[in-house]
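Subject: Structure handover

Hello,

Here is the structure we discussed. Please open it alongside this note.

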Amino acid sequence: MSRSLQIGDVTVPGRVLAAPMTGITDLPFRLLAARLGAPYVATEMVASAELARGRPDVVRRAAVGAGLPLTVIQLVGADADKMAQGARMAQAAGADIIDLNFGCPAKEVTGAACGSALMRTPDQALRIIDAVVGAVTRPVTVKMRLGWDETSRNAPDIARGAQAAGVAAVTVHGRTRKQFYTGAADWSAVGEVKAAVSIPVIVNGDIVTAEDARAALAASGADALMLGRGVYGRPWLPAYLERALADGTALQEPGPEARLALVIEHLRASAAFYGLPLGLKMFRKHLGWYVEQAPWPADPLDRRRAKAELCRLDTVEAVGTALAALWTGVVSRPGHSPVDLSPQAGEAAVA
């Protein structure tokens, strides 16, 4: 597999991409994943209408920062004019790529005729694409599902229309909206989209291990892959999986010392970006995943108990000390450099 992916005039320096995820891929997460080597980490899903109105939390979701290999801003909406306005704002903010969300299955999104609901209204989806492509000079991509349900798996048709309108790449999650996240992603069905278009196709869904990645690429014939829930508690996964695919080796996971340092780096950055106490509150879901994904303690029940205790702590220092104690006392291990637990140490990460 080539080590780069061409999307319009943008060269993505890798083919293992991280999906846009609301509440997950905020700026602190994106900066950490990028520092670890992720070639592409999209913003959280940004509502174009609310972005245009300047709603603070939505503007924050589109935040950009130095240290990212490229900036990908994902927009969601049902109105073509508002999506075009949001795209112009994203381009002005420094977006290298503008991604359109036609795949989110959440009821509050589909209920507003957005996300994967647009798979039921392909004419409106294409009107949005036309408006956005015509409004900006940056490459526009689309992330979609296979269709709304099994009776309307129309991803190949929408992809063909998107390509004709000037879209530079499409990502396809191998499920219908009706499936949400049940069952298994159908990577071979993504191959039908690949056969329908000549622009890059990116396969998404249920990719967690190097074996998954190789199987998804083989079944779909896709040009690249996109990780979603697999990055929960594993911001290193895009970079580490990229290396495993390139070398033909098994995926290597960080040890306790490396994980502790990464968790604290992420927490400090969250505290600096949001301020306290909000930064700690926003981080707790990540903290829970870090504990769940670690193999220490060996007993999953002990990990669940530790997660509950950690998520009740109310300072950065307390979280770091408790994690160090949980993960075999790494901060006191001979030869280990102590981790700086002060929130102020994270300010440079989000400057």
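Predicted model: local features only at pLDDT ≥ 70, side-chain atom pairs only at ≥ 80, totals over all residues.

Start with the open sheet. It has 8 strands, in the order E3-E10-E9-E8-E7-E6-E5-E4, and the pairing is parallel. Strand E3 (16-18) and strand E4 (42-47) are the edge strands, each pairing on one side only. On average, neighbouring strands of this sheet are turned by 25° against each other, direction ignored.

Strand E7

E7 covers residues 140-145.

Strands of a sheet pair through backbone hydrogen bonds, either parallel or antiparallel. Strand E6 (residues 97-102) runs parallel to E7, and 5 bridges join the two. Across that pairing, Asn101 stands opposite Lys143 in E7. Strand E8 (residues 169-173) also runs parallel to E7, joined to E7 by 5 bridges. There, Met144 has Val172 in E8 as its bridge partner.

Next comes strand E9 (residues 201-204). E8 and E9 pair in the parallel sense over 4 bridges. In this pair, His173 stands opposite Asn204 in E9.

Covered helices

Helix H1 spans residues 27-35 and is mostly covered, with 8 of its 9 residues buried. The buried ones are Leu27, Pro28, Phe29, Arg30, Leu31, Leu32, Ala33 and Ala34. What do they pack against? The partners are the edge strand E4, plus helix H3 (56-61), helix H11 (256-274) and helix H12 (278-293).

Helix H8 (residues 187-196) has buried residues too: Trp187, Ala189, Val190, Gly191, Val193 and Ala196. Their cover includes H7, E8, E9 and H9.

Helix pairs

Two packed helices are described by the angle between their axes and the distance between the axes. Two pairs are worth a look.

Take helix H4 (residues 80-92) and helix H6 (residues 122-135). Their axes come within 8 Å and cross at roughly 35°. H4 passes H6 in a right-handed crossing. On the H4 side, the contact is made by Ala80, Met83, Ala84, Ala87 and Arg88. On the H6 side, Gln124, Arg127, Ile128, Ala131, Val132 and Ala135 take part.

Now helix H9 (residues 210-220) and helix H10 (residues 237-247). They pack at an angle of about 65°, with their axes 10 Å apart. H9 is therefore roughly perpendicular to H10. This crossing is right-handed as well. Ala210, Ala213, Arg214 and Leu217 in H9 meet Leu241, Ala244 and Leu245 in H10.

Best wishes

Key. Residues numbered from 1 in each chain as written. Heavy atoms only, no water. Buried < 20%, exposed > 50% of the residue type's maximum accessible area, 1.4 Å probe, protein only. Pairing = 2+ DSSP bridges. Axes fitted to C-alpha atoms, helices over the stretch in contact; angles between N-to-C directions. Parallel < 35°, antiparallel > 145°, perpendicular 65-115°, else oblique. Left-handed = near helix turned anticlockwise from the far one by under 90°. Contact = heavy atoms within 4.5 Å.
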